[in-house]
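Open your viewer and get ready to click along. Each stop tells you what to select and what to look for there.

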Amino acid sequence: MPTEVSQVLLLGLLGIPLLAGLTVALMGPRRERAIPWVSLGATLVCLLLAVGAAGSLASLPGAATGSPAKSFHPEFETRLTLLRLGPGAVEFYIGLDGLNVWLVVLTALLMVPSVLVSWASVTERVNEYYAWLLTLETAMLGVFLAFDIILFYVFFELTLVPLYFLIGTWGGPERRHAASKFFIYTLAGSLITFLGVLGVVLACYTEPRINRLTFALPELVGEVNKHLAELGKNPAAFAKELAAWQHIQFWVFLALMTGFAVKVPLVPLHTWLPLAHVEAPTAGSVLLAGVLLKIGCYGFLRLCLPLAPDASVGLGVPLIGMLAVAGILYGAGCALAQDDIKRLVAYSSVSHLGFCMLGMFALNEAGLSGSLLQMINHGLSTGALFLLVGMLYDRYHTRRLSAFGGLGARLGLLTFFMVFISLSSIGLPFLNGFIGEVLVLMGMFAYQGPQVNGPLLASVGAIGIVLGAWYLLSMLRSAFFGPAKEPAHEDHAVGDLNFRELAALAPIAVLCVALGVYPQPFLRVAGRDVQVVARIAGDAMQRSPSYTRQEATPPASPQAAVQSPEEKKAP
Amino acid sequence: VSREILEALVGVFPLVVPEAVLGLAACIFFVGGTFRTNRHLWAGLALAALALAGLGWWYTGPVPSTNPFAAPLVLDRLAFLTKGIALAAGVVLVLLSWKEVADRQAADYYACLLTIVAGLGLTGSANELVTLFLSLELVSIPTYVLLYLPRHDPAAQEAAIKYFLLSVFSSALLLFGFSYLYGLGGTTNLAALMDALTGSGPEGLPRVAQVALVMVVAGLGFRITAVPFHFYAPDVFQGTSTAGAALLSFVPKVAGFVALFRLLGLLGMDPGRLGFALGNQVPILLWILAAVTMFLGNLLALLQDRLKRLLAYSSVAHAGYMLIALAAAPNLALGGTETVPGGVEAVLFYLVAYGAMTVGVFAVVAYLDTPQYPVDTVDDLAGLSRSHPGAALLMALFLFSLIGIPLTAGFVAKLLVFLGALAVAPEHNGQLFWWLAILGVVNAAIAAWYYLRIIAAMYLRSPVRPLPQTRAWPGLAALWACAAVTLIFGIYPNWLQQAVHGVAAPPRPIAQAQRGER
C-alpha cells in the first residue's frame, strides 16, 4: 500500500469517529434504533482502517526483515503547523511506528464490543451517549498517534471529557462522585505532566549545545540523546554539564511520571480507579481498562524513558520497579477480598498493570516487548472480563459474587467465555497472557543495571501470577460452579448470550488464542522501535555512575546483556 | 500658538479616530435620550457606532510614532491591539445587555458603554502619565453610572457605592504614585520617564522609586482584581446586572494590564530600556501578588454557591495566572530568550481568551435569566442540558476553557503562561519562577473542582426548577461570538499568537536612534 494511502488512513482514524460522533449527536435522542447502527458502522470502519494501517506498516521493507529502526521517526506522518512560537512550532504531527501500532489496533478493536454491549443497556439520551463514546475513540487514537509532545498532551487531556460524561451520566448510583473524582485526580496529575513536557522542550532550547525549540517528539528524543551521548563520551570533561542534565532529567522524569502514574495507576495513586470502574457503564469500564490505562504506560514508554533516560535508570528503575511490584501484590490482595465482581476485575487491573510497568523498567528488549505485549493482553482479557461482568449485570442487576452460584448450568456460553478469558488473564500457556508475563519476568531477571536486584523483583512479582490464579479461579468456582444459586430477578427468563453479545466476545477470544500461539508478527513489528528504546536505556545505563562498579561481567553491549531476541520470543 | 505645538495637536487626531467616533456618538446618545426612549433603537445605534469606529480602527492601522519621547499618544501595535479588543468587547457587551436595559435608560446606558470602550482604547494609546490617568478615569467614571442604572435595589446601590469609593481610592493611590514618578523623572512622558529610570543604573532604582512602584501596582491592582485589592469584586458582581458584571470582569482588567505594561516599561523588552522592571523589585512584587491572588481566588471560589460570586473569585484567580506571565516578563527579556513567548505576549493572549470565556459564561447566564426565573445559584442550572441543550453545551465549552482543557483558548493561554514562567533563565531567579509555575498548575487543578461543579449540575443532575425557553437573538449572538473566539483560538491559535507576537518589542533600531538624537 503506498504511503499516501496509509497517511489518509491515519487521518481517517481520527476523523471518522469525530464526524460520526457529531452526526449521532445531531440525530437527536429519538432515533434510538439508527444511532447504534451508525456508531457500529463508524467503529467497524475505524477497525478496518487500523488493521489496514498496521498491515501496511508490517509490510514495509524494514519491518519485514525486523532490522532495528534507526531512531524514533514514525511512518506515514502528517505534519501541519498549529501554533508558531518563535523558532519552533506546535504541530499537528501524527504517524505510526512499532510502539503505537498495536495499541491503535487494540483501541479500534475494543470500540466495536463497546458499542455492541451498549446496544440494549443504554436507553436514555442515546445520541449523547454514542457521541461521547465516539469522541472518546478519537481522543484515545490521538494519544497513540501523536508525535508532537503538545499534541500528545492535548489528546491525553481530551480523553477526560468524554469519559467524565460517560461515567457521570450513564454510570451507577455513585456516578457523580466517581466522575468528579476521576476527572480531578487525573487532571491534577496531568497538569504536573504538562510542566514536565514544557520543561523538557525548554531544556533543549536553552541548552546552548542544542539550542533548538522543537515540540516534535522524534526530534526532541534525538536531540536529547545525542547530547547526552556526546557528554557521556567524555564524562571527565563534561562532568558539570552531565550533572546539570541529570538534574534536569530528574525533575522532568518526576513531573512526567506524576500524570502517567495516576493514569496507569501505580499503587499509591490508584484510588480513583476502583470507584470509576465500578460506577462506569460497561463500555466505559471496557475502554477505561482496555485503553485508557495503557495511555499511562504508553506515556512512560514514549516520553519518560526516551526523554529522561538517565533518570529512568537512576530513579525510574528503583522507584517504578518497587511501586510496580507493590501494585502487583496489593492489587491481587485487594481483588481476593472483593465481593463485587466488577471491583474484583478492577483491582486485577491494578495488579496486571504492575506487570506492564515492571517489564518496561527492566529496560531491556525482553522486558519492553513483554510490557507492550502485556498491555495488549490486558486490554483484550480485562476488556472482555468487563464485558462479561456487564452482561451478567444486565441479566441479574447485581454484581455480588455471593449472590451467584452454579451459573455454568444455566448460562453455558457465558460461563465458557468467562472461564476462557479468566484463563487467558491468569496466563495459561498457549493463551496470550502467558507470553507477556514470561517476557516481563525474563526481562526483569536479566536486568543488569545498578541499584536494583532484578531477579528478586521478578520473583516477588511472580507471586502475583499465583495470586491472580487464586482470585480468578475462586471467583469462577463460587459463581459459575457448585450448587446453583441465582439472585432474584424480574420474572422474564434469563437467557444465554445472544448473537450480539457473541459477536462482541468472539473476536477477542480468537485474538487471545492467536497471540498465545503465534505472537511473532506482533513482536516483529513492535520490535524495531522497542530496540530503539532499549538502546537509549542501555546507553543511559552505561553512563550511570554506579555502572562501572559491577564490571566483573561487562556486557559488550546492552543488547548482549540479555539473551538474543530469537531465544526470548519463543515461549 | 507655535506651529510645532499645532502640528502635535493636529497630529494626534488620526491616532484616535475610533475614540473620536465613539465620543461623538456618546454625546449624541446623551442628548437624543431625552427625545426617544427605545432600547432597540439605541442598542442598534451603539452597534453602528462601534462598527464605524471599527472601520476607522482598521483603516488607520498601527502607525509608528515619529517622536515617542514627546507624543502624548502613540498608536503602536499594543495600542492597535487594545483598541481592537475594546471594540470587540463593546460589541459583545451591547448584545449582552440588550435584554436587561430598560427603555428609559437605554440611551444613557449605551452612551456610557461607548465611553468606556473609548477609554479602554485610549488607555492602550496613552504615552503620558496624565493621558493615562485620564483614560483610566474615562473607563471608571461611566462604569459607576453603568452599575447603578439598571437596578435600584439595595444590593445594587451597595455595589455601586462600594465600587465608587474603592475605585476613587485606588485612583488616588495611582495619582500618588504618578507624582513620585514625575518627581523622579522630571517628565510625564512615559518613554522619557523609562529612559530616565534606566539611567539610574542596573544596580537598582532609588528608594523613592519603590514607593512609586508599590503605589502604581496597588492602584492598578484594584482594576485587575489582584489580591488584596480584590475584595469589592464578589459584592459588586453580585449586586449589579449580568452585563455589568461581565463588563467589570473584563474591561478593567485589560485597562489595568495594558497600563502596567507601559508603566513598568515592559514594552521595550530591550534590556537597556526596561525602566521599572530593572532589578528584582518588580518581579518579586508581582511574584507574590500572583501567588496570593491565585490561591485566594481559587480557594474562596470553592466555597461559593452563587454564580456571580463564584465568577468573581474565578476572575480573581485568572488575574493571578496573568500575573505569573507579567512577573516573568522582565526576567525573560533579561535572559535573552525573548523568542519564547511568555511575558507580555502571554498576558495579551490570556486576556483575549479570558475575555471570551468569562464574558461567555456571563452571556449564558444573561441569556437564561428572566425576571421570573432568575439564574442565581449553581442549583438553578441543574439539568440545563435537558431543557437547553445548546446553552448547556456552550456553557460547558466556556467552563472547560476556564479549566484549561485543550481545544479551547484557555488551554493555549495557560500553555503560553507556563512556557514563559519555565523559560526564565536560572541566573535570573529561574527557580523562583519554576515554583510559581508549579503553584500555577496546583491552582489550575483546584479551580477545576468548582468549574466542574457547574458542569456536573448542568449535565449530571435533574432539573430542580426548569427554566423557561427564551428566544433573544442579541443574547444568542453574544454567546456565539464568545464561543467562536474560544474554539477557534483553541484549535488554531496561530492567528491570535501572530497578532500578539512582537507587541512587546518595538523596532529596536528606532528606539536606539531616538535615544541618540536626544
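Start by selecting A:Arg175, A:His177, A:Ala178, A:Lys181, A:Phe182 and A:Tyr185 in helix α8 of chain A; they meet A:Trp272, A:Leu275, A:Ala276 and A:Glu279 in α11(A). Here contact means heavy atoms within 4.5 Å. The residues of this contact of α8(A) with α11(A) divide into six nonpolar, one polar and three charged. In this sorting, Ala, Val, Leu, Ile, Met, Phe, Trp, Tyr, Cys and Pro are nonpolar, Asp, Glu, Lys and Arg are charged, and the others, Gly among them, are polar.

A word on the model: it is predicted, local features need pLDDT of at least 70, side-chain atom pairs count only at pLDDT 80 or more, and totals for chains, interfaces and linings use all residues. Residues are numbered from 1 along each chain as its sequence is written, chains are lettered from A and ligands numbered from 1 in the order in which they are written, and side-chain values use heavy atoms, leaving out hydrogens and water.

Now show both helices whole: α8 (residues 175-206) and α11 (residues 272-279) of chain A pack at about 135 degrees, with axes 9 Å apart. That makes α8(A) oblique to α11(A). Helices are DSSP runs (H or I, at least four residues), and strands are runs of E (at least two), numbered from the N terminus. Axes are lines fitted to C-alpha atoms, for helices over the stretch in contact, and angles run from 0 to 180 degrees between N-to-C directions. Angles under 35 degrees count as roughly parallel, over 145 as roughly antiparallel, 65 to 115 as roughly perpendicular, and the rest as oblique.

Next, which bond joins A:Val264 and A:Pro265? A cis peptide bond, with omega about -10 degrees. A:Pro265 sits in the loop between α10 and α11 of chain A. Over in chain B, the peptide bond from B:Val227 to B:Pro228 is cis too, with omega near 5 degrees. Most residues other than glycine have a negative phi, and most peptide bonds are trans.

Back in chain A, select A:Arg125: it is not a glycine, yet its phi is positive, about 45 degrees.

Finally, show both chains: the contact takes 39 residues from chain B and 34 residues from chain A.
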